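Hi,

Here is the model I promised to pass on. Have a look at it first, and my notes on what turned up follow below.

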Amino acid sequence: MTMTRRDAVASLALFAELIASRTADAQSQTPPAPAAARPPVFKHDLPNVNLDGWEVTVSWVDYAPGRVGPAHHHAGFVLAYVLEGSVITKVSGQGEEKVYSTGQMFYEQPGATHEVSKNASQTQPAKLLAMIFAPKGATLTMPGPAQGRGGV
């Protein structure tokens, strides 16, 4: 017996309806729990820059166990979200080294140097999602300290 595309779509629709009706029955027997208000993951003032001619580039940054990255700076500003593990970071103008763990974010302001960038663990990897906001065509990451405002 062969099944036509039409038969397959009809079967899928019937299956979806069955699942939806069972879910509705289960939900009607149990009152829904009130949704708890969750605080924002991150809130920070943004720099006073005109973003005309800018773009955002989102990149994975993998930290092998024990990895220590070199000091560097960016063409614009960065929002980084820790996807896995913990990282230790120090950004010029933001005080001492800080540890950021899974689900936390940090910010690198324009003209800052990312002075310390390392995995907090010698045995577990860490991973970031880095969102770099910079002028179109700019070199996004450059080695060494930034020169000028916010740099070393």
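The largest pocket has a volume of about 250 Å³. By pocket I mean, on a 1 Å grid over the protein atoms alone, an open set of points with protein on both sides within 12 Å along at least five of seven lines, while a cavity is a set of points where a 1.4 Å probe fits but cannot get out; lining residues have an atom within 4 Å of a point. Grid points are joined across faces, edges and corners, and a volume is the space filled by probe spheres set on the points.

Two housekeeping remarks: this is a predicted model, where local features need pLDDT of at least 70 and side-chain atom pairs count only at pLDDT 80 or more, though totals for chains, interfaces and linings use all residues. Residues are numbered from 1 along each chain as its sequence is written, and side-chain values use heavy atoms, with hydrogens and water left out.

**The pocket**

The lining of the largest pocket comes to 18 residues, and Val61, Tyr63, His72, His74 and Thr141 are the ones nearest its centre. Sorted by class, that lining has nine nonpolar, seven polar and two charged residues. For these classes, Ala, Val, Leu, Ile, Met, Phe, Trp, Tyr, Cys and Pro are nonpolar, Asp, Glu, Lys and Arg are charged, and the others, Gly among them, are polar. At least two lining residues come from each of strands S1 (54-63), S3 (72-74), S4 (77-84), S7 (105-108), S8 (113-119) and S9 (126-135). Strands (E, at least two residues) and helices (H or I, at least four) are DSSP runs, numbered from the N terminus.

**The chain as a whole**

The protein chain has one helix and 10 strands, and along the sequence the pattern reads α-β-β-β-β-β-β-β-β-β-β. Of its 152 residues, 27% count as buried, with buried meaning under 20% relative accessible area, exposed over 50% and partly exposed in between (1.4 Å probe, protein chains only). Among contacts (heavy atoms within 4.5 Å) between residues at least 6 apart in sequence, 75% join residues at least 24 apart.

**The cavity**

There is also one cavity of 30 Å³ or more; the largest cavity has a volume of about 40 Å³. Its lining is made by Thr89, Lys90, Val91, Gln94, Glu96, Lys98, Tyr100 and Phe106, which divide into three nonpolar, two polar and three charged residues.

S5 is mostly covered, with five of its six residues buried. S5 and S6 run antiparallel, joined by four bridges, and Ser86 has Ser101 as its bridge partner in S6. Together S5 and S6 form a hairpin with six residues between them, and Gly93 in the turn has a positive phi of about 85 degrees. Two strands pair, by the way, if DSSP finds at least two bridges between them.

On S8, five of the seven residues are buried. S5 pairs with S8 in the antiparallel sense over five bridges; Val87 has Asn119 as its bridge partner there, and Thr89 has Ser117. S8 is also joined by two bridges to strand S2 (residues 68-69), again antiparallel, with Gly69 opposite Ser117. S3 and S8 pair antiparallel over two bridges as well, and His73 stands opposite Thr113.

**Two residues to look at**

Lys90, in S5, has a side-chain polar contact of 2.7 Å with the side chain of Glu115. A polar contact is a pair of N or O atoms within 3.5 Å; within protein, one must be able to donate a hydrogen and the other to accept it, and residues adjacent in sequence count only if both atoms are side-chain atoms. A polar atom of the Lys90 side chain also lies 3.4 Å from the backbone oxygen of Gly95.

His114 belongs to S8 and is buried, with a relative accessible area of 3%. The His114 side chain makes a polar contact of 2.4 Å with the side chain of Thr89. Not counting residues up to four places away in sequence, His114 touches Pro70, Ala71, His72, Thr89, Lys90, Val91, Phe106 and Glu108.

Cheers
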